[in-house]
Amino acid sequence: MPSNESPAVLLLDPVRTGAHYKTEARRRGFTTVSVYTVAQEVIAENWPDHADGDDFSIYSADPDEILARIGTLGVHLIGVVPAMDSAVHLADTLADRLSLPGNGLAKAAARRNKADMRRVAAEAGLCIPRFVLVDSTAKIAAAASEIGFPAIAKHTTGAGSYGTYLLSNPEDAAQTSTMHAKNQFGWQVDEWLVEQYIRGRELAVNCFSHDGEHRIVDIWEYRQPDDSDYDFPYWESAKLPEDDPDYQAAADYVRLALTAFEVRLGPSHTEVKVGPDGVYLMEVGARLPGGPMTDQWLAHTDLNPFEQALDCYLGVRPACLEAPVHFRQSCGASAIRNDGPAGILREIRGLDEVRKMPGVDKVLSIYEPGDHVPVTDNTLNIPIGVWVSAPDHAGVVELLARVRDTAELIIEPDGEGRRCAM
């Protein structure tokens, strides 16, 4: 049992990649107090071992309840960490009330809610898609017609592309009956953002900040199999070389965006699209990116993202702001999806061969033969993930192609769980 008033860090939703924060906190001798804001049925289904490594576990999204519970634990909090995108706003709220390092409350809602995000970006003069906010799915069709087709409909507090729909035409926009009533975290959806579909390269810009200074760690491109419009960006991704023609424009835009959203400290993961007429904001995430990127940093760079992110949340300037992160290899990842129809998995072909390929660092497979496999539409139901590395970007792209040519899902359609044709 932690000693009375022992130094502790407050970790908000430390699941998936965020669970690494527990390891880092224990390494430093800190007590870990984990707060789980995600609906308990979602936690039980996806992360049954979520509380492993906790000294204390709290299940609540209410700041008053959380603070009251912490007051009974006999610990001295020294930092608040948003370990997943679900809790970015709550982390800033708690940090402010505890007088601990954070990004403040003035723009906290805009760093989480996509409608507020669009408004703040527009006020700052940043290029954004045209958008309309609606409070029911029944209003999506009219909003999409106002915006113009193609359009995108998404939850304002969603994540991982869950509940995001491409609306190519009025018929798509009218099909609202299968749209998710809850977001990825199990919270009821009461707002939808309907916005202009931006065509162009989708890039993820990863950064660390301290006292308003922003250091770009790297930029990854979300690559697609062809130039068709899409609402799910994860097919394969690859770290961009710094001499890529869009690298500097994306980096400059994101620095402006982080300043506009008052991201003063900590890691960030900002997604943009680069089109013929400039860079557009997709989302600002004031937290670490997910699995492929942080895993590959740990494997192939001198950056431990969890160590340096925790430094930030303790008010300490991270080492990565003193010099660029050194990459020993270029990196990438492949998402082997089920693009439809849903069905029973009969076989996964070629996965053993993929595991033996030089440069394949990690293979994740969440389904086994006999399992029902839905159409892949969010980050929680990607059947297979493959992390790769190579000496350069061209080598990564070539290896990703070999992985995709080798691995194959054999699925027997069962007529269930078909995704709305959007």
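Tutor: The discussion below turns to aromatic pairs, then to charges over rings, then to a sheet. Please bear in mind that this is a predicted model.

Student: How many aromatic pairs does a search of the whole structure find?

Tutor: The search finds 5 aromatic pairs. A pair of aromatic rings is described by how far apart the centres lie and by the angle of the planes. For Tyr197 and Tyr230, the ring centres are 6.3 Å apart and the planes stand at 90°, so this pair is edge-to-face.

Student: Where in the chain do Tyr197 and Tyr230 lie?

Tutor: Tyr197 belongs to the loop between β8 (192-196) and β9 (201-210), whereas Tyr230 belongs to the loop between β10 (213-223) and β11 (236-239). The two residues are 33 residues apart, and their pair links distant parts of the chain.

Student: Is Tyr197 buried or exposed?

Tutor: Burial is judged from relative accessible area, with buried meaning under 20%. Tyr197 has 9% and is therefore buried. Tyr230, at 13% relative accessibility, also counts as buried.

Student: What can be said of the rings of Tyr222 and Tyr234?

Tutor: Their centres lie 5.3 Å apart with the planes at 65°, so the pair is edge-to-face. Tyr222 is in strand β10 and Tyr234 in the loop between β10 and β11, so the pair ties together parts 12 residues apart in sequence. Tyr222 counts as buried at 6% relative accessibility, while Tyr234, at 21%, counts as partly exposed. Ring pairs also bring in Phe232, which forms a cluster with Tyr222 and Tyr234.

Student: Which ring does the charged end of Lys239 sit over?

Tutor: The charged end of Lys239 sits over the ring of Phe327, 4.4 Å from its centre.

Student: How many bridges join β5 and β8?

Tutor: These strands pair in the antiparallel sense over 4 bridges. Phe131 has Glu195 in β8 as its bridge partner.

Definitions and conventions. Residues numbered from 1 in each chain as written. Predicted model: local features only at pLDDT ≥ 70, side-chain atom pairs only at ≥ 80, totals over all residues. Heavy atoms only, no water. Phe/Tyr/Trp six-rings, centres within 6.5 Å; stacked < 30°, edge-to-face > 60°. Buried < 20%, exposed > 50% of the residue type's maximum accessible area, 1.4 Å probe, protein only. Lys NZ or Arg CZ within 6 Å of the ring centre and 35° of its normal. Pairing = 2+ DSSP bridges.
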